[in-house]
Amino acid sequence: HDALPIYRLFYVSTWSTVPGKGVEARAWYEQARELWNRLPGVRSIEAFVPQFALGPDAQGVEIWIEIDNYQVLDQWDTAAGELGDEFIALSKVAAECVHSGPSRLVGDWMGSTIEDLKDAT
């Protein structure tokens with residue numbers, strides 16, 4: 001029997017830190033990471049800041065959540081309802097120290113690399 005292809009898929013969210021609120025933003029991230037880790041299908045969570053002015057926002061951070069597959073996004077909706085009070089409390093903390101930006105999916109799924117464009121017409 002053939003094994004399913006192994007691929008990596010990330011839900012990437014972007015955030016801007018409110019000036020002067022770096023310590024609070026770090027505390028928010030630690031709280032958020034703990035909550036996000038309890039969502040279905042989460043494999044890992046990492047946060048990155050732009051370096052050498054190579055990002056669109058000098059106060060920005062990208063949070064990369066590795067997920068099992070696209071289906072977990074639907075499961076997150078259900079989980080967010082079940083964990084609603086915790087997400088509301090976390091949103092109140094976030095409002096004081098970060099602003100959310102665009103999110104995207106990045107991964108090795110078929111069609112997600114530039115190599116996949118070679119056959120596109």
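Author: Ile-67 counts as buried because its relative accessibility is 0%; buried means under 20% relative accessible area, exposed over 50%, and partly exposed in between (1.4 Å probe, protein chains only). Ile-67 sits in strand S3. Before we go on, a word on the source: this is a predicted model, where local features need pLDDT of at least 70, side-chain atom pairs count only at pLDDT 80 or more, and totals for chains, interfaces and linings use all residues. Residues are numbered from 1 along each chain as its sequence is written, and side-chain values use heavy atoms, with hydrogens and water left out.

Reader: Which residues is Ile-67 in contact with, leaving aside its neighbours within four places in sequence?

Author: Contact here means heavy atoms within 4.5 Å. By that rule Ile-67 is in contact with Leu-9, Gly-41, Arg-43, Val-72, Leu-73, Trp-76 and Leu-105. Another pair to look at is Ile-67 and Gly-107: 40 residues apart in sequence, 9.8 Å apart in space, C-alpha to C-alpha.

Reader: How many helices and strands does the protein have?

Author: Helices (H or I, at least four residues) and strands (E, at least two) are DSSP runs, numbered from the N terminus. The protein has three helices and four strands, running β-α-β-β-α-α-β from the N terminus on. Across its 121 residues, 30% count as buried.

Reader: What about Phe-10, buried or exposed?

Author: Phe-10 counts as buried, because its relative accessibility is 14%. Phe-10 is found in strand S1 and, not counting residues up to four places away in sequence, touches Trp-64, Ile-65, Glu-66, Arg-104, Leu-105 and Val-106. From Phe-10 to Arg-104 you go 94 residues in sequence, but 8.2 Å in space, C-alpha to C-alpha.

Reader: How do I read the two sides of a helix?

Author: An α-helix has 3.6 residues a turn, so residues three or four places apart point the same way. In H2, Val-72, Trp-76 and Ala-79 are buried. They cover an arc of only 70° around the axis, which puts them on the same side of H2; that arc is of the directions from the helix axis to the C-beta atoms. On the other side of H2, Asp-74, Asp-77 and Gly-81 are exposed. The cover over the buried residues of H2 includes S1, S2 and S3.

Reader: Which residues touch the most other members of the largest nonpolar core?

Author: A nonpolar core is a set of buried Ala, Val, Leu, Ile, Met, Phe, Trp, Tyr and Cys residues joined through side-chain atoms within 4.5 Å. The largest one has 25 residues, and Trp-28, Trp-36, Ile-63 and Ile-65 touch the most other members. H1 gives the most to this core, with six residues. Leaving aside neighbours within four places in sequence, Trp-36 is in contact with Trp-15, Trp-28, Val-42, Ile-45, Ile-63, Ile-65 and Phe-87.

Reader: And how do you find empty space?

Author: Rolling a probe the size of a water molecule over the atoms shows where empty space is left. On a 1 Å grid over the protein atoms alone, a cavity is a set of points where a 1.4 Å probe fits but cannot get out, while a pocket is an open set with protein on both sides within 12 Å along at least five of seven lines; lining residues have an atom within 4 Å of a point. Here the largest pocket is lined by 18 residues, with Tyr-11, Ser-13, Trp-15, Trp-36 and Phe-87 nearest its centre.
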